[in-house]
Amino acid sequence: MGIIAWILIGLLAGIIAKALMPGKDPGGIIITMLIGIAGGLLGGWLGKVIFGVDSIDGFFDLSTWIAAIIGSLILLALYRVFTGNSRHA
């Protein structure tokens, strides 16, 4: 997949992660988008390392989206821990 596809998947995964973990985060949409992009990469890497599978098969493959969303959720949770924000809006 190309870099533009990665950015698109990351942006959408960040939005989905934010919807699954609502709450007030400093930085707003920009931080959420960056977390989504990094989370997509993290999810793909974790899928390969932990499960030994190529979770990044293609843009429309379900495993790609699941890996990106899980990676985004992990990074969003870590971001909240390190910035001291809780789930309370």
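Here are some friendly notes on the predicted model above.

1. Ground rules. This is a predicted model, with local features needing pLDDT of at least 70 and side-chain atom pairs counting only at pLDDT 80 or more, while totals for chains, interfaces and linings use all residues. Residues are numbered from 1 along each chain as its sequence is written, and side-chain values use heavy atoms, with hydrogens and water left out.

2. Overall layout. The protein chain has 3 helices and 0 strands, and its pattern along the sequence is α-α-α. Helices (H or I, at least four residues) and strands (E, at least two) are DSSP runs, numbered from the N terminus. Of the 89 residues, 34% are buried, where buried means under 20% relative accessible area, exposed over 50% and partly exposed in between (1.4 Å probe, protein chains only). Among contacts (heavy atoms within 4.5 Å) with a separation of 6 or more, 72% join residues 24 or more positions apart.

3. How α2 meets α3. The axes of α2 (residues 28–51) and α3 come within 6 Å and cross at roughly 120°; these axes are lines fitted to C-alpha atoms, for helices over the stretch in contact, and angles run from 0 to 180 degrees between N-to-C directions. The two helices are therefore oblique to each other, given that under 35 degrees counts as roughly parallel, over 145 as roughly antiparallel, 65 to 115 as roughly perpendicular and the rest as oblique. The crossing is right-handed, meaning that the near helix is turned clockwise from the far one by less than a right angle. Residues meeting across this pair include G36, G39, G40, G43 and G44 in α2, and A68, G71 and S72 in α3.

4. The nonpolar core. I9, A13, W65, A68 and I69 form the largest nonpolar core, a set of buried Ala, Val, Leu, Ile, Met, Phe, Trp, Tyr and Cys residues joined through side-chain atoms within 4.5 Å. Both α1 (3–20) and α3 supply at least two of its residues, and α3 gives the most, with 3. Looking past neighbours within four places in sequence, A68 touches I9, A13, G39 and G40.

5. A buried arginine. R80 lies in α3 (residues 62–83) and is buried, at 4% relative accessible area. Its side chain reaches the backbone oxygen of M21 at 2.5 Å, a polar contact (N or O atoms within 3.5 Å; within protein, one able to donate a hydrogen and the other to accept it, and residues adjacent in sequence counting only if both atoms are side-chain atoms).

6. L41, in α2, is partly exposed at 48% relative accessibility. L41 and I7 are 34 residues apart in sequence, and their C-alpha atoms are 9.8 Å apart in space.
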